[in-house]
Amino acid sequence: MKEKVRVFLSFEFGKDDELHHSFYSQAELYSKYEIIDESLNEQYHPDPLWLNKARKQIALSDIVIVVVGEDTHNAPGVEKEVGEAHQLKKPIFQVRPQKRTAGEVRGAGEVVPWKWKRIDAKIAEKLSE
């Protein structure tokens, strides 16, 4: 039986929704973990209700993973989610899909390539810290 890990995936909602879906569908096939989606399923809104929802979902998560898309480093919602992850002392790292060259998100930890052995190894490392 696979160990369950609750993941909050931070991504640019308007542009990288397909990466969100790909991450979880590939996780079912390739991850050594049973990865449970705790991601926020709505676009960033600069209001307290959105931030409270994000905080709640991050609090439920074991780990936060940022998907580095083409413009993720400029996404205000991702910036807020990374800040909440730090406030809640959640382990965090970034995953870079193939053929994506944009900059990493400041404060979101190490960037690993989107290869499931590397992702699983980083999850194990972060959860053991």
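1. Val-7 stands opposite Ile-63 in β3, and the strands concerned, β1 (residues 3-10) and β3 (residues 63-67), pair in the parallel sense over four bridges. Two strands are taken to pair if DSSP finds at least two bridges between them, and the elements themselves are DSSP runs numbered from the N terminus, helices being H or I of at least four residues and strands E of at least two. The model is predicted, so that local features need pLDDT of at least 70 and side-chain atom pairs count only at pLDDT 80 or more, whereas totals for chains, interfaces and linings use all residues. Residues are numbered from 1 along each chain as its sequence is written, and side-chain values use heavy atoms, with hydrogens and water left out.

2. The open sheet is formed by five strands in the order β2-β1-β3-β4-β5, with parallel pairing. Because β2 (33-37) and β5 (111-113) stand at the edges with a single partner strand each, one side of each is left without a neighbour in the sheet. From one strand to the next the twist averages 40°. Helix α1 (residues 13-30) packs on the sheet, where it touches β1, β2 and β3, and its direction makes about 150° with that of β2; contact here means heavy atoms within 4.5 Å, and axes are lines fitted to C-alpha atoms, for helices over the stretch in contact, with angles running from 0 to 180 degrees between N-to-C directions.

3. Val-68 has its place in the loop between β3 and α3 (76-87), and at 0% relative accessibility it counts as buried (buried means under 20% relative accessible area, exposed over 50%, and partly exposed in between, with a 1.4 Å probe and protein chains only). Leaving aside residues up to four places away in sequence, Val-68 touches Gln-94, Val-95, Arg-96, Pro-97, Arg-100, Ala-102, Gly-103 and Glu-104.

4. Helix α4 (residues 116-128) has 13 residues and reaches 18 Å from its first C-alpha to its last, close to the 18 Å expected at 1.5 Å a residue, the expected span being 1.5 Å times one less than the number of residues. Its buried residues are Trp-116, Ile-119, Asp-120, Lys-122, Ile-123 and Lys-126. These cover an arc of only 165° around the axis, which puts them on the same side of α4; the arc is that of the directions from the helix axis to the C-beta atoms. What covers them includes β1, α1, β2, β3, β4 (92-96) and β5, while the face of α4 turned away from its buried side carries the exposed residues Lys-117 and Ser-128.

5. The structure holds seven salt bridges, each defined as a side-chain nitrogen of Lys or Arg within 4 Å of a carboxyl oxygen of Asp or Glu. One of them joins Asp-71 to Lys-15, with the closest N and O atoms 3.5 Å apart; since Asp-71 lies in the loop between β3 and α3 and Lys-15 in helix α1, the pair ties together parts that are 56 residues apart in sequence.

6. Arg-55 and Glu-84 also meet through their side chains in a salt bridge (2.8 Å, N to O). Arg-55 lies in helix α2 and Glu-84 in helix α3, so this pair ties together parts that are 29 residues apart in sequence. Arg-55 is partly exposed at 30% relative accessibility, whereas Glu-84 is buried, with a relative accessible area of 6%. Elsewhere, a network of salt bridges links Glu-110, Lys-122 and Glu-125.
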